[in-house]
Amino acid sequence: MQPVVSISHLAKRYASGQEALKDVSLDIARGEIFALLGPNGAGKTTLIGIVCGIVTPTSGAVHVDGHDIIADYRTTRSKIGLVPQELSTDAFEAVWDTVSFSRGLFGKAPNPAFIESLLRDLSLWDKRRSRIKELSGGMKRRVMIAKALAHEPEILFLDEPTAGVDVELRRDMWNMVRGLRERGVTIILTTHYIEEAEEMADRVGVISKGDLILVEEKTELMKKLGKKELTLNLAEPLDALPPELSEWALELNDGGNEIRYVFDAKADRTGIPSLLARMRDIGIGYSDLNTRQSSLEDIFVSLVSERGQA
């Protein structure tokens with residue numbers, strides 16, 4: 001199946017000499033939710049800006065549903081909705097008018113029933129006659145989402161969509177994303193809320209300093225790179241780890257009351273049975289133990305840290 005977004009050897013160098021993107025290639029399938037993770041300045045917003053026709057690439061190509069974003073700008077732009085990081089809309093327009101106008105910009109015929117449904121879904125119906133400047137920050141964010149969806153795009157870009165918004169909007173936002181995905185809309189999001197990417201995304205890309213350093217199915221990424229952590233709560237505190245336990249990479253925490261052991265979750269031999277046997281042999285007892293699978297956030301921090309040291 002042809003990808004709905006195909007990015008090939010994309011690069012962006014600004015006049016200052018800054019390389020915002022370095023030879024990025026990426027295919028995104030129709031109907032998937034793709035999460036792009038990276039620290040500030042990694043190149044996430046530049047990448048989105050190029051695909052959406054806002055930023056001009058230095059080199060490389062982007063196709064949206066088979067159309068070149070430069071040669072077929074009008075066609076590709078009509079297929080895309082964008083919710084940018086920054087709130088930017090006419091402060092003196094009414095909510096209904098600004099959302100309806102956005103629909104008209106893309107040549108869509110008026111559809112009051114659709115606009116009403118959209119505003120109701122985003123809890124904006126009661127504010128439809130309010131001017132934008134009268135709204136709270138959270139409500140303005142909802143208006144930005146409504147504007148992006150007004151022309152019924154096939155692809156929706158969400159650039160840090162829930163940064164700094166209230167819990168209610170975040171919940172509504174992700175309910176809306178699930179609904180859009182069920183209707184076949186492709187969703188590409190950047191986020192600092194890694195737990196949201198972990199819950200929502202089908203695939204995850206990690207970008208750092210303009211390099212797309214990893215693209216992976218979320219479940220496979222967790223499986224390949226995830227570590228497990230064993231924590232042992234000791235029956236009696238230790239002043240130091242005994243030399244008999246030196247073959248395991250252990251940490252003594254909580255004032256000597258806890259031993260922590262990080263191991264490879266997919267390894268054939270984890271070393272746990274032999275560790276527990278050795279502890280028993282030298283008389284170290286424990287009152288409780290538990291294991292924890294590393295989260296996507298742990299993996300993300302580890303990948304970016306390794307890249308920074310390379």
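Guide: This is a predicted model. A cavity here is a set of grid points where a 1.4 Å probe fits but cannot get out, and lining residues have an atom within 4 Å of a point. Helices and strands are DSSP runs, numbered from the N terminus.

Visitor: Which element gives the most to the lining of the largest cavity?

Guide: Helix α1 does, with 3 residues. β1 (5–13), β2 (19–28), β3 and α1 each supply at least two residues of that lining.

Visitor: What volume does the largest cavity have, and how many cavities of 30 Å³ or more does the structure hold?

Guide: The volume is about 60 Å³. The structure holds 1 cavity of 30 Å³ or more.

Visitor: Which residues line the largest cavity?

Guide: The lining consists of V5, I7, L26, I28, F34, L36, L47, I48, V51, F157 and I188. Two of these, I7 and L26, stand opposite each other, L26 being in β2. V5 has V64 of β4 opposite, and F34 has R203 of β9 opposite.

Visitor: How do β1 and β2 run, and how many bridges join them?

Guide: They run antiparallel and are joined by 6 bridges. Their hairpin has 5 residues between the strands, and G17 takes a positive phi near 100° there. β1 also runs antiparallel to strand β4 (residues 59–64), with 5 bridges between the two.

Visitor: On to the open sheet. What is the strand order?

Guide: The order is β6-β7-β8-β3-β9-β10, 6 strands with mixed pairing. β6 (80–83) and β10 (211–217) are at the edges; each has a single partner strand, so one side of each is left without a neighbour in the sheet. From one strand to the next, the twist averages 15°.

Visitor: In what sense do β3 and β9 pair?

Guide: Strand β3 (residues 33–37) and strand β9 (residues 203–208) pair in the parallel sense, over 4 bridges.

Visitor: Which strands does α1 lie across?

Guide: Helix α1 (residues 44–51) lies across β3, β6, β7 (155–159), β8 (186–190) and β9. Its direction is at about 150° to β7. Helix α6 (residues 167–182) lies across β3, β7 and β8, and runs at about 145° to β8.

Visitor: New topic: which residues of α3 are buried?

Guide: In helix α3 (residues 95–105), the buried ones are V95, T98, V99, S102 and R103. They cover an arc of only 140° around the axis, which puts them on the same side of α3. On the other side, F101 and L105 are exposed.

Visitor: What covers the buried residues of α3?

Guide: The cover includes α4 (112–121) and α5 (137–149). Just after α3, G107 takes a positive phi of about 75°.

Visitor: Last one, a lysine. Where does K79 lie, and is K79 buried or exposed?

Guide: K79 lies in the loop between α2 (73–78) and β6. The relative accessible area of K79 is 14%, and buried means under 20%, so K79 counts as buried.

Visitor: What does K79 touch, not counting residues up to four places away in sequence?

Guide: With those left out, K79 touches V64, D65, H67, P153, E154 and I155. V64 is the β4 residue that V5 stands opposite, and V5 is one of the residues lining the largest cavity.

Notes: Residues are numbered from 1 along each chain as its sequence is written. This is a predicted model: local features need pLDDT of at least 70, side-chain atom pairs count only at pLDDT 80 or more; totals for chains, interfaces and linings use all residues. Side-chain values use heavy atoms; hydrogens and water are left out. Two strands pair if DSSP finds at least two bridges between them. Axes are lines fitted to C-alpha atoms, for helices over the stretch in contact, and angles run from 0 to 180 degrees between N-to-C directions. Contact means heavy atoms within 4.5 Å. Buried means under 20% relative accessible area, exposed over 50%, partly exposed in between (1.4 Å probe, protein chains only). The arc is that of the directions from the helix axis to the C-beta atoms. On a 1 Å grid over the protein atoms alone, a cavity is a set of points where a 1.4 Å probe fits but cannot get out, and a pocket is an open set with protein on both sides within 12 Å along at least five of seven lines; lining residues have an atom within 4 Å of a point. Grid points are joined across faces, edges and corners, and a volume is the space filled by probe spheres set on the points.
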